[in-house]
Amino acid sequence: MLVDLLGAKKAVDFALNHNVKKFVQLSATDSIEPEKESDVMRPYAVAKHFSDLYIENSGLNYTIVHPGPLQDDEGTGKIEAELKINGDPNSYTIPREDVATVLIESLQEPSVEGKDIFIQSGQTEIKDALKNIE
């Protein structure tokens, strides 16, 4: 709660007070319906859920990135990106390295501005997946 909710709120408030041009939030697929998460992960999902809402209502130019379970595998540079979850949120596995690349690329890609995007490993180059999101 202190990092994933309060920390995110403080970061958004700072961004608003310092004219930050774009805010990219790392969230999770389970933040959409946190009540469906396991007892162990529910506090994290709830914190992400409400920090996402705070960002969406802040007036900032934002992108919220929702990966599923993070993997320690080497990144492939390829993902699938969607505007909603299709299927089981826990099936959206993705290497941490690819998530980091998505966060960086989201800073410069206009097509993901003002959107929540759901990512998982896939067959499309990261830049192309973000550019072509619908």
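1. A salt bridge here is a side-chain nitrogen of Lys or Arg within 4 Å of a carboxyl oxygen of Asp or Glu. By this rule, the count is five salt bridges. This is a predicted model, in which local features need pLDDT of at least 70 and side-chain atom pairs count only at pLDDT 80 or more, while totals for chains, interfaces and linings use all residues. Residues are numbered from 1 along each chain as its sequence is written, and side-chain values use heavy atoms, with hydrogens and water left out.

2. Start with K9 and D13. They form a salt bridge, with the closest N and O atoms 2.6 Å apart. Both residues lie in helix α1 (residues 2–17), four residues apart, about one turn of the helix. Helices (H or I, at least four residues) and strands (E, at least two) are DSSP runs, numbered from the N terminus. K9 counts as partly exposed because its relative accessibility is 33%. The scale is this: buried means under 20% relative accessible area, exposed over 50%, partly exposed in between (1.4 Å probe, protein chains only).

3. Next comes the pair E33 and K36. Their closest N and O atoms are 3.1 Å apart, and they form a salt bridge. E33 has 39% relative accessibility, so E33 counts as partly exposed. K36 is exposed, at 62% relative accessible area.

4. Which residue forms a salt bridge with D72? It is R96, and the closest N and O atoms are 2.6 Å apart. This pair links distant parts of the chain. D72 sits in the loop between β3 (70–71) and β4, R96 sits in helix α3, and the two are 24 residues apart. D72 is exposed because its relative accessible area is 67%. R96, at 45%, is partly exposed.

5. Now the inside. A nonpolar core is a set of buried Ala, Val, Leu, Ile, Met, Phe, Trp, Tyr and Cys residues joined through side-chain atoms within 4.5 Å. In soluble globular proteins, nonpolar side chains tend to be buried together. The largest nonpolar core has 13 residues, and I79, A81, V102, I117, I119 and L130 touch the most other members. At least two residues of this core come from each of β4 (78–82), α3 (96–106), β6 (115–121) and α4 (126–131). With three residues, α4 gives the most to this core.

6. Look at V102. Leaving out residues up to four places away in sequence, V102 touches V65, I79, I117, I119, I126 and L130. Contact means heavy atoms within 4.5 Å.

7. What volume does the second largest pocket have? About 170 Å³. A pocket is an open set of points on a 1 Å grid over the protein atoms alone, where a 1.4 Å probe fits, with protein on both sides within 12 Å along at least five of seven lines; lining residues have an atom within 4 Å of a point. Grid points are joined across faces, edges and corners, and a volume is the space filled by probe spheres set on the points. Residues lining the second largest pocket include E33 and K36.

8. The largest pocket holds about 220 Å³ of space. Of its 13 lining residues, A28, D30, M41, G68 and P69 are the closest to its centre.

9. Last, S91. This residue is in the loop between β4 and β5 (94–95). S91 is partly exposed, with a relative accessible area of 38%. S91 and S121 are 30 residues apart in sequence, and 9.7 Å apart in space, C-alpha to C-alpha.
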